Amino acid sequence: MPSIFSGSGTPFQGYATGMPRFFSVFDGFIYGVYANSIVIAAALTYSLTWPWNDANIPLGILMVCLAFIPMFTVYAMLTALMPRAGGEYVWKARAFGGFWACVFIFTPLVLGPWFYMASNVAPGSAMVVAPVLISLAGLWDMPIFVDLAIMVSTRTGTWWFYVFYVSFAAGVMLLGMRFYARFQRWSFFVGILALGTWIVMLLATGSAEFQTSFSDFVQETLHWGDGEAYQRILDAAREDGFSAVPLAETSVKSSFLIGPVLAYTFMYIAWTGTLVGEIRGVHKLKNSSAIFLGGNIFSMILCAGFMWLLISRVGNEFFTSANFLWATDGEHIPVPPHYGLYLMALSRSPWFWLWVAVGLNAWFWIWPTNNMVMSTRIMMAMSNDRVLPVQVGTLSRVLGTPVTAVLICYIGALLLGWLYFFTGFSRLTLNMPFMTSLAFAATTLAGTLFPFLKNTRPVYENSPISRYTLLGIPLISVAGVLGLAYFAVMFYLYIMDDRYGTNDPLSAWFIIGSVTLSALGYLWYKARRRRKGMDIEVTHLEIPVK
Amino acid sequence: MQTILFATGIRGSQRCWKKLINAGSFYGVQTIILGGNLTGGDIFLIEQCKAGYWTARWDRENIRTSDAATIAELESQARDAGFYPHRATSEEGEVLRSSAEARDKLLRKLITKSISSWLKQSRKKLAGSGKRLFVLSGGADPPYLGELFPDSDTVIWAQNKVLQLENGCPVINQGFSEPTPWKGTWEMEEDRLLDLLETQISEISDIYRAIFNMHAPPFNTGLDDVPADELPETGPMGARYAPMGSRAVRRVIEKYQPLLSLHGLTQGSRRQTRLGRTLCLNPGSLCRLGILSGFLISLDARGIHSFQPVQG
């Protein structure tokens with residue numbers, strides 16, 4: 001029976017690669033915010049900015065998020081141009097061909113997430129599990145929970161927590177993206193509610209009041225500091241040569257220079273690029289912009305505002321001194337000085353501690369799982385192009401999920417996790433943020449060149465995106481050049497300045513080796529296919545319509 | 001060595017059709033096989049209202065414009081996505097909304113016009129090139145579709161025919177499928193379908209080199225998976241995907257073991273599998289995105305030399 005297209009649905013719904021689109025635009029937005037990890041990873045990132053002692057963290061957040069707007073504009077436009085599963089890979093493959101896509105994808109975005117899982121989960125045991133246990137110990141007066149909290153913070157304890165977490169993540173992946181979206185949405189709502197309460201508590205607390213509360217809290221719960229923990233930390237840092245400054249005396253230059261550190265958190269909305277084929281309605285620029293640019297602006301306002309509030313209560317000298325001491329001399333401070341500790345210190349009620357811990361958990365649990373999303377989606381896209389075996393990307397008929405890809409990730413994450421916790425492997429991965437940002441920069445370059453390359457120009461010209469120009473130049477290219485300019489600054493600083501910790505020679509050789517292996521693997525596979533009369537490069541080519 | 005391109009389910013997308021007729025020279029293939037679901041099923045109405053304005057609803061947005069270029073662009077977008085644009089007065093719009101018969105009549109007119117224009121384009125591209133395009137019906141294609149394809153050496157209406165590739169491989173073409181929840185036109189009961197297939201197969205002697213171009217995928221092979229939430233009833237155990245293929249097709253493949261079988265019907269099931277020696281392929285469809293999804297298959301004297309999916 002013929003019908004009239006009512007326009008109530010979208011004509012572009014469909015199952016691009018056999019993957020149902022279970023994510024709404026709102027789910028995609030939350031996914032980006034979680035990929036940034038605006039609470040957990042952010043707390044770790046802020047603690048790494050102490051080498052720039054006169055940096056203003058809230059200002060730094062504003063600067064880096066504004067600097068990333070061009071990059072996210074490119075991502076939003078690429079998404080509207082080609083809303084495909086495994087987007088990052090597909091965009092690069094269509095722009096540069098399979099070889100360069102493989103080079104810029106395999107190490108940072110297939111292999112990388114396996115050990116990102118370890119580096120993401122490791123702090124979780126101390127940051128989110130231990131506070132729950134300590135709160136329960138306080139609530140039920142059961143010291144055994146404190147022992148458990150101490151145990152999960154040891155290396156072996158963290159490893160077993162990691163095994164549990166990776167199994168949890170694999171379970172979520174196997175249950176599919178509809179379940180993932182629901183879990184993520186509820187976590188987000190709880191997390192936002194918790195953040196709201198923390199903000200209210202901070203607003204109701206004065207600077208002097210915090211100093212007393214913190215010292216008392218540390219004395220009562222950790223039996224440290226003799227009721228003067230706050231001052232002790234300041235004194236110890238000063239004695240060790242750290243020159244802390246108040247927020248009012250911070251400099252714009254240092255605030256800009258912490259941008260590449262803050263990028264460890266704020267560039268990761270780009271992680272959503274692989275998932276765009278599973279989000280409904282992203283072929284519309286306003287929807288893809290809501291995800292990438294909306295997520296960036298939301299993260300910027302929330303994080304800059306929250307950090308300004310926190311630092312105005314905690315004190316910039318104290319905040320940076322505590323981070324300095326923890327990084328340089330752990331004996332001066334008994335636990336990592338992440339802001340969960342400061343928040344818990346705002347009240348003596350174990351119920352409030354528990355609420356802080358619940359909030360931290362809400363911001364934690366679904367976050368490292370997105371490493372598996374990234375890795376599995378790219379494996380699926382590569383499998384669709386037959387760069388990886390077809391079985392890797394095949395969906396289970398019962399679960400509707402790529403079971404083989406999830407299992408590969410699960411085993412890979414466990415293996416690299418063990419190496420991470422029990423060997424010196426973590427040193428080899430120091431430069432990975434650099435490699436990941438290179439992958440994002442390569443995508444930005446792909447977007448910049450999209451209107452001009454032979455294979456991508458027809459896609460661009462056929463898209464409403466081609467309407468957006470600036471002085472006759474495609475807006476995607478203008479945004480791309482601006483985005484690449486900031487990447488150039490970041491890369492210069494990553495290579496030239498030791499304080500970023502991303503220019504370790506051994507790690508560089510490890511990454512170069514891994515990239516070389518993936519490139520050789522691709523060439524070998526291409527030659528093998530060619531012997532069979534197939535050119536795998538044609539998989540990526542756009543058929544002309546003229 | 002002979003290479004063929006198999007694609008399916010372009011569902012009225014003008015962009016995909018243009019790609020299809022260019023694919024021969026682009027991929028260097030002699031024969032292109034289109035496995036059914038050629039036409040779309042929806043009219044895209046652009047209504048004229050007072051004061052010279054046109055209104056339409058596209059992609060969840062109300063559009064109201066008097067700009068001829070905007071309307072033309074909207075029509076082009078609709079054609080590329082597989083819809084049939086039609087400009088109407090508000091009175092005609094009312095009639096079309098209320099009368100299935102009027103819609104039927106109009107859609108036939110629009111499909112006829114569209115196919116005629118497509119054939120004109122394909123004659124320009126394929127005439128004298130030695131390349132051929134086999135077109136099969138299937139799914140929601142209208143029953144009169146075959147009448148719109150005149151006899152031709154280049155664009156060949158393949159429904160219910162046994163054709164031959166240049167290398168002599170016979171291709172059995174059948175667009176009918178088993179009854180589905182979508183209640184398509186080209187559907188029949190499984191036992192009748194089985195009889196039809198057996199009759200066709202009996203026409204060929206070289207079954208070892210035969211290619212089955214059958215719109216319906218073989219039952220329960222993964223090639224026929226449909227997300228369960230698209231169906232009125234979910235599959236066993238609340239499965240995420242339910243099999244929607246044909247038992248008759250599966251039976252003839254298992255019984256005769258042709259070289260290759262090509263299928264469509266389920267647009268999300270971009271899969272490959274083997275039933276005995278037979279390689280079964282379903283490239284799925286990305287027609288709404290204007291992407292031609294297919295498989296390139298190289299055949300040599302011994303059988304299938306290689307194959308690979310493409311999305312151009």
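Predicted model: local features only at pLDDT ≥ 70, side-chain atom pairs only at ≥ 80, totals over all residues.
Residues are numbered from 1 along each chain as its sequence is written, chains are lettered from A and ligands numbered from 1 in the order in which they are written, and side-chain values use heavy atoms, with hydrogens and water left out.

1. A:Ser254. A:Ser254 sits in helix α12 (residues 252-257) of chain A. Helices (H or I, at least four residues) and strands (E, at least two) are DSSP runs, numbered from the N terminus. With 10% relative accessibility, A:Ser254 counts as buried. The classes are buried at under 20% relative accessible area, exposed at over 50%, and partly exposed in between, with a 1.4 Å probe and protein chains only.

2. Interface of chains A and B. The contact involves 56 residues of chain A and 62 residues of chain B. The size of an interface is often given as the accessible area lost when the parts come together. Here the buried area is about 5,100 Å², and carbon and sulfur atoms give 51% of it. That area is the accessible area (1.4 Å probe) that two parts lose on being put together, summed over both.

3. Between chain A and chain B the rule finds 5 salt bridges, a salt bridge being a side-chain nitrogen of Lys or Arg within 4 Å of a carboxyl oxygen of Asp or Glu. B:Arg15 and A:Glu542 meet in a salt bridge through their side chains, at 3.7 Å from N to O. On the side of chain A that touches chain B, β1 (3-4) and α25 (505-531) of chain A each supply at least two residues. The residues of that side divide into 24 nonpolar, 17 polar and 15 charged. In this scheme Ala, Val, Leu, Ile, Met, Phe, Trp, Tyr, Cys and Pro are nonpolar, Asp, Glu, Lys and Arg are charged, and the others, Gly among them, are polar.

4. A salt bridge within chain A. Over all chains the structure holds 27 salt bridges. In one of them A:Asp504 pairs with A:Arg427, with the closest N and O atoms 3.0 Å apart. The pair links distant parts of the chain, 77 residues apart: A:Asp504 is in the loop between α24 (475-496) and α25 of chain A, and A:Arg427 is in helix α21 (residues 425-428) of chain A. A:Asp504 counts as buried at 13% relative accessibility, whereas A:Arg427 counts as partly exposed at 40%.

5. Salt bridges within chain B. B:Arg97 forms a salt bridge with B:Glu47, the closest N and O atoms lying 2.9 Å apart. This pair links distant parts of the chain, 50 residues apart, with B:Arg97 in helix α3 (residues 90-98) and B:Glu47 in strand β3 (residues 42-48) of chain B. B:Arg97 is partly exposed at 41% relative accessible area, and B:Glu47 counts as buried at 14% relative accessibility. The side chains of B:Lys255 and B:Glu198 also meet in a salt bridge, at 3.0 Å from N to O. B:Lys255 lies in helix α6 (residues 247-256) and B:Glu198 in helix α5 (residues 190-202) of chain B, so the pair ties together parts 57 residues apart in sequence. B:Lys255 is exposed, at 53% relative accessible area, while B:Glu198 counts as partly exposed at 23% relative accessibility.

6. Strand β16 of chain B. In β16(B) (residues 278-282), 5 of its 5 residues are buried. B:Thr278, B:Cys280 and B:Asn282 lie on one side, and B:Leu279 and B:Leu281 on the other. β16(B) pairs with β14 (residues 260-262) of chain B in the parallel sense over 3 bridges, and with β15 (residues 271-275) of chain B in the antiparallel sense over 5 bridges. Two strands pair if DSSP finds at least two bridges between them. B:Leu281 is the bridge partner of B:Leu262, and B:Thr278 is that of B:Leu275. β15(B) and β16(B) form a hairpin with 2 residues between them, and B:Gly276 in the turn has a positive phi of about 65 degrees.

Notes:
Contact = heavy atoms within 4.5 Å.
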